[in-house]
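My entries follow, in the order I made them.

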Amino acid sequence: MKPFNGALFTLLLVSIAFAACKKKTEYTTDPNGLPKASQTGAMIFACKIDGANWISNKKTFSIGGGTDNEIIAVHGSNDSGTSGYFEVLEIQVNNATTGVAYTLDGTTANFATYTTGKKCSSSQGTTRIKSTSGTVTFTRIDRTNRIISGTFSTQFSTDNCGDIKITGGRFDERF
């Protein structure tokens, strides 16, 4: 039988401890309680929905984005949002560059969608609505470091939930 190797055992314990540690994403908030807009890939997607703070959950697939050819898309979701139902906000823009305010009116290839489990339309089940007005401005599109950041505001008109107003939106995502 081989003698006990204390140094190897200590190295193994330290390795396990570091592997178990998860880097916690920290952010500072603005005076309204939302994460401050940033451009570091902090995995933030937040806004106000009808005046109430809405910050995307930090679970797998809850925050994300990416590029596919010339399309840039970002999204955030919550299991139970301000309405008490799941909510997903998505934004998609074609041929985006930084510093340009793109219209999100639902009539072009640039749009925002709001999806919820709450029955906001006359259709059965999940409601998915395209924006009727709004803008998004990308502050960083970095394909090398895989970071997309920006700000947005938009509005959705629904049959049963009235107008849903999104203000103070910001995202800072890695893809």
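**Entry 1: a bridge partner in the sheet**

I began with Glu-90 and found its bridge partner in β7, which is Thr-113. A reminder to myself: this is a predicted model.

Next I asked how many bridges join β5 to β7. I found six, and the two strands run antiparallel.

I then looked at the sheet as a whole. It is an open one of five strands, in the order β3-β4-β5-β7-β8, with antiparallel pairing. Its edge strands are β3 (63-68) and β8 (127-130), each of which pairs on one side only. I noted an average twist of 15 degrees from one strand to the next.

**Entry 2: Thr-113**

Is Thr-113 buried or exposed? I read a relative accessible area of 1%, so Thr-113 is buried. The residue sits in strand β7.

I listed what Thr-113 touches beyond four places in sequence: Val-88, Leu-89, Glu-90, Arg-128, Ile-129, Lys-130 and Phe-156. I also checked His-75, which is 38 residues from Thr-113 along the chain; their C-alpha atoms are separated by 9.3 Å.

**Entry 3: salt bridges**

I counted three salt bridges in the structure.

Glu-90 came up again here, as its side chain meets that of Arg-128 in a salt bridge (3.6 Å, N to O). This pair links distant parts of the chain, with Glu-90 in strand β5 and Arg-128 in strand β8, 38 residues apart. Glu-90 is partly exposed at 28% relative accessibility, whereas Arg-128 is exposed, with a relative accessible area of 54%.

Then I turned to Asp-30 and Arg-170, whose closest N and O atoms are 3.3 Å apart in a salt bridge. Asp-30 lies in the loop between α1 (6-20) and β1, and Arg-170 lies in strand β11, so this pair ties together parts that are 140 residues apart in sequence. Asp-30 counts as buried at 15% relative accessibility, and Arg-170 counts as buried at 12%.

Asp-142 forms a salt bridge with Arg-140, and I read 2.5 Å between the closest N and O atoms. Asp-142 lies in strand β9. Why did I mark Asp-142 as buried? Its relative accessibility is 13%, and the cut-off for buried is under 20%. Beyond four places in sequence, Asp-142 is in contact with Ile-147 and Phe-175.

**Entry 4: a serine in a loop**

I wanted to know where Ser-56 lies. I found Ser-56 in the loop between β2 (52-55) and β3, and it is buried, with a relative accessible area of 4%.

The side chain of Ser-56 reaches the backbone oxygen of Ser-77 at 2.9 Å. Apart from residues up to four places away in sequence, Ser-56 touches Phe-45, Ser-62, Ile-63, Gly-76, Ser-77 and Asn-78.

**Entry 5: the nonpolar core**

Last, I asked which residues of the largest nonpolar core touch the most other members.

Not counting residues up to four places away in sequence, Ile-91 touches Ile-72, Ala-73, Val-74, Leu-104, Phe-111, Ala-112, Val-136, Phe-152 and Phe-171.

Conventions. Residues numbered from 1 in each chain as written. Predicted model: local features only at pLDDT ≥ 70, side-chain atom pairs only at ≥ 80, totals over all residues. Heavy atoms only, no water. Core = buried A, V, L, I, M, F, W, Y, C linked by side-chain atoms within 4.5 Å. Buried < 20%, exposed > 50% of the residue type's maximum accessible area, 1.4 Å probe, protein only. Contact = heavy atoms within 4.5 Å. Pairing = 2+ DSSP bridges. Helix = DSSP H or I, 4+ residues; strand = E, 2+ residues; numbered from the N terminus. Axes fitted to C-alpha atoms, helices over the stretch in contact; angles between N-to-C directions. Polar contact = N/O pair within 3.5 Å; in protein donor to acceptor, adjacent residues only side chain to side chain. Salt bridge = Lys/Arg side-chain N within 4 Å of Asp/Glu carboxyl O.
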